[in-house]
Amino acid sequence: MWQTYLRPTSLTETLDLLAQYGTQARIVAGGTDVLVELQRGVKPTTTLIDVTALPNLKYIRYDQGSLSLGGLTTHDDIIRSAVCQQYAFSLVQACQEVGAPQIRTRATIAGNLVTASPANDTISPLLAQHAEIVLISVRGERIIPLRDFYQGVRRTLLQPDELLREVRLPAMSAQQRGLFLKLGLRRAQAIAVINASFLLTFNGEEVCEASITLGCLAPTVIHACGLEAYLQGKRLDPAVCQQAGQLVQDEVQPIDDIRASATYRRKTLTALITTGLQRLANGEGSGQTTTLLSQPAAAEPNQTNVSVPHPFADVIETTINGTPYRLEHAQQKTLLNALREDAGLTGSKEGCGEGECGACTVWLDGQVVMSCLVPAPQAHHAHVTTIEGLACRVPSSGYGSQLHPLQQAFIDRGAVQCGFCIPGMLMAGAKLLEEDPHPDMEQAQIALSGNICRCTGYRKILDAILSIGDEERNIDSASPTALSVK
């Protein structure tokens, strides 16, 4: 998919490379968009510039009423950030809706913004919260309000030699409530049919300012300007919420596409706006008072294994399942292909090649990732664990001498059917159990939300996960209520 892979270790080096290559190269970080596009032949390139070795771009800072998000901040970083939960609540909600744990650990907020699809979930809340972005090049810095950044579908003001260094947004105040709502064709791994973000400022019970943005209705995410004006000075009683839902139809002309018709989007928008305002009227949407959905621990990195950035010169030196490897002909491959073809570890499977099925799930420096979306050079001086090495994660066990408890539970509970998806299921489930030995059903479902079983064997898979380390749970596998997949 590419011929040259460059991995600068300083911002100065990165900007020099961007100035040198311009349109002849693409930036890659998480890779969750770039690698999918390259595999589809969209925006092909011969050169990738990997910016993941720039640790100074990965941060979340709060200072004097403002939030700053570094260009390498991931969706999972935002979900786990206490200051984001308090001061950018709708953004946290949107990040929870992106992909699955294996995607959220790697996908960056900057990548989501730069891809510039009107369906991208984080654009809407950031636009509603009046964010701005900082672009940097050898020519200097530019600060652009996010509302001015988008020029059309997947078109922005970003120049070929520029890097999105930072996202800045005013912190929510105690008088504000925020909310993000999304309709997809399923609960996880779904591109939005329509989404909406609300940021309302209250004076007592009255709305004194409203910022409402809508995604998937137009070539870019848009403000519902008429609705924002209508809500000023009003109390969110049931009549106002219903009227607002009807009024918003007059200011949109929804698109038709493969996910929904314009007519369906218009009718859905009415319900979405009415529901959102009713929830805000009931006090929801304050980061200080609202409890987020529980997050599985399966995305959190093992800090003892996180690799230090090293220069890369075409040969990948990595540790896989505790064994050093030197991969000399893998720099043009995905991690999945390098594992299978160069390391000879064929347990990880390719089901889709686009991060949709989870069959290729492995651990990279302790994080669950879709290895089909990871450039192999990102494993340079990193630690990789595959299904072949899962048994050696058992304390006091030699390599392969004892099954991981989850592997044994899959056998005991009959969770294996054709077996193709099972390596990915085990890797996702084992990481959850490593960090939370007693997960509940919701945590297990979220942890496996990026893994597809085409044999429809989810009930016994969830049964196996929940049975580990908690015999008192005593799940009845015949109970449809206990084991139904949401």
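Colleague: Is helix α15 mostly covered or mostly open?

Modeller: Mostly covered: 12 of the 14 residues in α15 are buried. Keep in mind that this is a predicted model.

Colleague: Which residues of α15 are the buried ones?

Modeller: I422, P423, G424, M425, L426, M427, A428, G429, A430, K431, L432 and L433.

Colleague: And how far does α15 reach from its first C-alpha to its last?

Modeller: The helix covers residues 422-435 and reaches 20 Å, close to the 20 Å expected at 1.5 Å a residue.

Colleague: Switching to cysteines. How many disulfides does a search of the whole structure find?

Modeller: The search comes back with 0.

Colleague: OK, sheets. What's the strand order in the open sheet of 5 strands?

Modeller: The order is β4-β5-β10-β6-β7, and the pairing is antiparallel. The edges are β4 (60-63) and β7 (140-145), each of which pairs on one side only. On average, neighbouring strands in this sheet are turned by 20° against each other, ignoring direction.

Colleague: How many bridges join β6 to β10?

Modeller: There are 5 bridges between β6 (residues 132-137) and β10 (residues 163-170), and the two strands run antiparallel. One to click on: I133 has V167 in β10 as its bridge partner.

Colleague: Which helix packs on that sheet?

Modeller: That's α1, residues 11-21, which touches β6 and β10. The direction of α1 makes about 115° with that of β10.

Colleague: Last one, Y325. Where is it found?

Modeller: Y325 is in strand β16, residues 323-327. Its relative accessible area is 24%, so it is partly exposed.

Colleague: What does Y325 touch, leaving out residues up to four places away in sequence?

Modeller: I316, E317, T318, I320, A343 and L345. Of those contacts, A343 sits 18 residues from Y325 along the chain, and their C-alpha atoms are separated by 7.5 Å.

Notes. Residues numbered from 1 in each chain as written. Predicted model: local features only at pLDDT ≥ 70, side-chain atom pairs only at ≥ 80, totals over all residues. Heavy atoms only, no water. Disulfide = S-S within 2.5 Å. Helix = DSSP H or I, 4+ residues; strand = E, 2+ residues; numbered from the N terminus. Buried < 20%, exposed > 50% of the residue type's maximum accessible area, 1.4 Å probe, protein only. Contact = heavy atoms within 4.5 Å. Pairing = 2+ DSSP bridges. Axes fitted to C-alpha atoms, helices over the stretch in contact; angles between N-to-C directions. Expected span 1.5 Å × (residues − 1).
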